[in-house]
Amino acid sequence: MTVRAWTFVFVGVSFSIYLLIAWLSRVRDTKGFYVAGRGVPAAANGMATAADWMSAASFISMAGLISFMGYAGGMYLMGWTGGYVLLALLLAPYLRKFGHFTVPDFIGDRYDSDVARLVAVVSAVFVSFTYVAGQMRGVGVVFSRFLEVDINVGVMIGMGIVFVYATLGGMKGITWTQVAQYWVLITAFLIPAIAISIRLTGQPLPQVGLGSQLLDGGYLLAKLDQIHADLGFSSYTAAFDGKWDKANVFFVTLALMAGTAGLPHVIVRFYTVKSVRAARWSAFWALFFIALLYLTAPATAAFARYYMVDSLQGKTAAELPSWFRNWEKTGLILWLDDGDRKLRYSAGEDNEVFSYKAGEIKVNGQKIRLPPLQQITAGHQEWITSGGTQGHDWRPMLRQANLSGPDRDIIVLATPEMAELAAWIIALVAAGGLAAALSTASGLLLVISSAVAHDVYARMIHPDASEKNRLLVGRSVIGVAVVIAGVFGIFPPGFVSQVVAFAFGLAAASFFPAIVLGIFSKRVGTVPAVLGMLTGLFFTSYYIIASVYGGMQPWTFGMFERGISPQGIGAIGMALNFLVTLILTPLFPAPSQAVKDLVDSVREPEGEAPAVAIETAAEH
Amino acid sequence: MSYEKPQSVEPIFPQPEHLSPAVQASLRRYWRSNVKIMGVLLVIWAAVGLGCGVLFADVLNKLNLGGYPLGFWFAQQGSIIVFVILILVYAVALNRLDARHHAEIEALKKRSLKKGRAGGEE
């Protein structure tokens, strides 16, 4: 069977399983809809959290990112796992004890203010939408790469699937589907990593292989450093060698950590377990299952980097491996020769390896559209054969458009072929990528639905709505959200890729300090907390918008050698939030006795809320 | 209607001012131990993740762990392994602390029940 046939089989089978699970776990009440009836075992919840967390970006792009960044790629690894320690120690058990449905719920009740609730709702919806748009696009990209259908058709298929199982099963359906999706995505990630590790180092464990000697002698990492030095790239293992200095790596790592702990679709998972005890175990299992992928990604990154350069450098057209030929068609990797008929990949001006992007790109601050891929390759070929009199040398243009080197996604997508694995494993990777994108999208959609239907509709607009009514609103909101997310996926606004930093920065600068102080201080009152959140929110948004769109120079704050990247600014926004809240606290009244009792009860492990029906819990 | 009505509506948040001084003292002890455990684990978290992985990565890179420069290893492997272990330790320690606290509270309840009965007989 061909790769394409296998892909159809795997995608078809896995999608049927997801729909079957959704049907089996369909729900009839809001408790099941939002928090899966709080009956999810810790390990299963951990697995679902892991699938929820690991998006198309984690699955497809992260290893590629590390592969091209070397040491500095570690900030994503540390940031996105270290955040779970904060989550487990500072938030998860207490929020489970609090026992409502959403993050805005806690903020609204603890600070006894609908303004605080509204700020939290708006942030939660904004953060989730930025994320989900990227996921829908991810579904489309995976479809188009493996099944050769149009990206938009892929987005619509993905929309249909998510729509069915998210509206039918709510959190319960989503949780059990995510457990299945976890297994699909982790298998698809580990098999190629193990295969390429054995091939290069003889070690079956990729984590050991990464620190081992290559079969043809010399440590892998030392050799990679050597290759990077020869080609003019910054060192692979040395810290703070290239673009990323110490202060920036530090702030980005910290912002990602606090942002992870503050992301509403992650926090809400800990509401779905039976008890406080289970919430702690759940956090452990979540990070354990995430770590399986995150410890493997750097190995895949280094293996594929080494293998890619080794199998391409200095080769003639006839010698190029078949994976290059397969992926050349997609434009993810492109060879534009200078006329010597030997491929050269380097960081300098003589580089001949590029990638291709359809749609608008920026060249020297101007937006342009590249001609179709075939036109570029044909034009360049003509330029070579005619000796420069006809056709066009496309290399300078692509270099200025920042398209030097292969697309980073190729690292994960082409690894199975680099390791010469069977066709069905390549197809499994497609199913894994889809599982990663779908599981994250569905979790985010539920957060949007619960924020609007529960926090705004049931708590603020129509507090005495019936159970049936609320469920209907929940389902309708999720339906509308799927459609909006799909539209974003089909017409991606240019900002999607940049706003992920936004999502983390905002979560770090707004939610995280408000929740932590809400639990660990009984003195912090409404006004300081709301002002703190707004300060963090506005400072962070201003900095990101001004530097990404307004062309503002990054600030050095008079103490750092280089300006702080917008990705790391959330850490400073968070510090400002803490600072403003704590300085203002003594000037404003302490919270009421009822709120103090609430904090006490959240801290006390005894007498945890039974799985009460929504009527009594929500109106408490 | 398909949802279940609760049989009895118990107060969800126990009111601390109704608790006896002994129970309140037990609660305070519990919270202090909790904060202490958390503090120690967070110090390790910061030292390994932000310390070894970022701030001292360039210095640690002069040492080697097999084929790994040590700072690089901490940034891409070591810190993640330590994070997983930290949460495991926290879950075990806190769940044990919870159990001890639960036993303490139960003992206090029994004692106050006995006292109440003894008082009634007088």
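Student: Before we start, what do I need to know about the model and its numbering?
Tutor: The model is predicted: local features need pLDDT of at least 70, side-chain atom pairs count only at pLDDT 80 or more, and totals for chains, interfaces and linings use all residues. Residues are numbered from 1 along each chain as its sequence is written, while chains are lettered from A and ligands numbered from 1 in the order in which they are written.

Student: OK. How many residues of chain B are in contact with chain A?
Tutor: 51 residues of chain B contact 56 residues of chain A. Contact means that the C-beta atoms, placed from the backbone, lie within 7 Å.

Student: Which elements of chain B give two or more residues to that side?
Tutor: α1 (21-55), α2 (57-60), β2 (68-69) and α3 (70-121) of chain B. Helices (H or I, at least four residues) and strands (E, at least two) are DSSP runs, numbered from the N terminus. The largest share, 20 residues, comes from α3(B).

Student: And how do the residues on that side of chain B divide?
Tutor: Into 33 nonpolar, 14 polar and four charged. Ala, Val, Leu, Ile, Met, Phe, Trp, Tyr, Cys and Pro count as nonpolar, Asp, Glu, Lys and Arg as charged, and the others, Gly among them, as polar.

Student: Switching to chain A. How is it divided into domains?
Tutor: Domain 1 is 3-307 + 417-494, and domain 2 is 334-405. The bounds come from an automatic or database domain assignment. The two centres, taken over C-alpha atoms, are 35 Å apart.

Student: Now helices. At what angle do α10(A) and α13(A) pack?
Tutor: α10 (residues 220-231) and α13 (residues 276-312) of chain A pack at about 50°, with axes 10 Å apart. Axes are lines fitted to C-alpha atoms, for helices over the stretch in contact, and angles run from 0 to 180 degrees between N-to-C directions.

Student: Why is α10(A) called oblique to α13(A)?
Tutor: Because of that angle of about 50°. Under 35 degrees counts as roughly parallel, over 145 as roughly antiparallel, 65 to 115 as roughly perpendicular and the rest as oblique.

Student: Who makes the contact?
Tutor: A:L220, A:L221, A:K223, A:L224 and A:I227 of α10(A), with A:A302, A:R305, A:Y306 and A:V309 of α13(A). That is seven nonpolar, no polar and two charged residues.

Student: What about α11(A) and α23(A)?
Tutor: α11 (residues 246-262) and α23 (residues 569-584) of chain A have axes 6 Å apart and an angle of about 65°. The contact uses A:F251, A:L254, A:A255, A:A258 and A:G259 of α11(A) and A:I569, A:G570, A:A571, A:I572 and A:M574 of α23(A). By class there are eight nonpolar, two polar and no charged residues.

Student: Last one: how many bridges join β3(A) to β4(A)?
Tutor: Four. Strands β3 (residues 360-363) and β4 (residues 366-369) of chain A run antiparallel. Strands pair if DSSP finds at least two bridges between them.

Student: Which residue stands opposite A:Q366?
Tutor: A:V363. The hairpin has two residues between the strands, and A:N364 takes a positive phi near 50°.

Note on methods: Contact = placed C-beta atoms within 7 Å.
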